[in-house]
Amino acid sequence: MIQSDVTKTKSLGADLRALRKSRSITLSDLSEALNRSVGWLSQVERDLSEPSVSDLKQIAKALGVPVSILFGQAQTPATEAGVIVRAPARRPIGSKAAGLVEELLSPDLTDDFEMVHSTFDPGAQMDDAVTRPTQEVGYLVSGKLDLVIGGQAFTVNAGDSFRIKGVSYRWANPYEHPAVAIWVIAPPVY
């Protein structure tokens with residue numbers, strides 16, 4: 001049953017704490033990088049203080065995440081907060097500049113992993129391979145996607161899954177239809 005009691009989820013602070021800890025950055029180190037006090041940062045992480053847009057941009061830069069992940073905390077019924085993510089309430093990650101639209105499926109970033117819904121536009125590709133200190137498992141829901149994982153090339157089809165474990169990878173969708181994938185990434189990188 002969907003309730004009409006809609007409140008803003010207070011997950012920004014918890015997300016910031018999870019991102020900071022996943023990068024082994026102390027409160028002191030991050031506050032120094034931001035030129036802010038440890039007390040201020042602690043209050044932000046406990047949702048007792050709201051950072052400005054400028055602060056959020058600095059925090060995102062210091063944590064190496066797109067600033068978009070820090071915006072758009074979902075409007076959610078209090079009974080669903082931290083448990084359910086409705087399709088229209090998914091938080092966007094990054095930008096569509098590379099032909100990739102990503103949305104956070106996890107309610108927040110406080111778990112040991114994150115789930116991401118990725119849509120790869122036809123003709124889109126990742127130009128440069130990246131290596132992340134993560135373990136990632138993907139499942140292709142629809143379409144086809146070309147992957148290069150650890151130097152080995154693959155074409156995955158709807159229903160196929162794959163794993164990337166601390167090696168370089170890149171992707172391309174040279175096909176005429178979008179490819180949609182669900183990714184589980186540990187630890188959270190967004």
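1. A residue is called buried when its relative accessible area is under 20%, exposed when over 50%, and partly exposed in between (1.4 Å probe, protein chains only). At 4% relative accessibility, E45 therefore counts as buried. E45 is found in helix α3; helices (H or I, at least four residues) and strands (E, at least two) are DSSP runs, numbered from the N terminus. Leaving aside residues up to four places away in sequence, E45 touches G13, A14, L16, R17, R20 and L27, where a contact means heavy atoms within 4.5 Å.

2. On the basis of the note: this is a predicted model, in which local features need pLDDT of at least 70 and side-chain atom pairs count only at pLDDT 80 or more, while totals for chains, interfaces and linings use all residues. Residues are numbered from 1 along each chain as its sequence is written, and side-chain values use heavy atoms, with hydrogens and water left out.

3. The protein has 4 helices and 11 strands. Of its 190 residues, 41% are buried. Among contacts with a separation of 6 or more, 64% are between residues 24 or more positions apart. The accessible surface (Shrake-Rupley method, 1.4 Å probe) comes to about 10100 Å², and carbon and sulfur atoms hold 52% of that.

4. Helix α2 spans residues 27-34, and its buried residues are L30, S31 and L34. Viewed down the axis of α2, these fall within an arc of 100°, so they line one face of the helix; the arc is taken from the directions from the helix axis to the C-beta atoms. E32 and A33, on the other side of α2, are exposed. The cover over the buried residues includes α1 (12-22), α3 (38-45) and α4 (53-63). Just after α2, N35 has a positive phi of about 60°.

5. The largest nonpolar core contains 39 residues. Such a core is a set of buried Ala, Val, Leu, Ile, Met, Phe, Trp, Tyr and Cys residues joined through side-chain atoms within 4.5 Å. Those with the most contacts inside this core are I69, L70, F120, L145, W171 and W183. The contacts of F120, again without residues up to four places away in sequence, include L145, W171 and W183.

6. An open sheet of 3 strands runs in the order β8-β7-β10 with antiparallel pairing; two strands pair if DSSP finds at least two bridges between them. Its edge strands are β8 (152-157) and β10 (169-172), each pairing on one side only. β7 (residues 144-149) and β8 are joined over 6 bridges, and V148 stands opposite A153 in β8.
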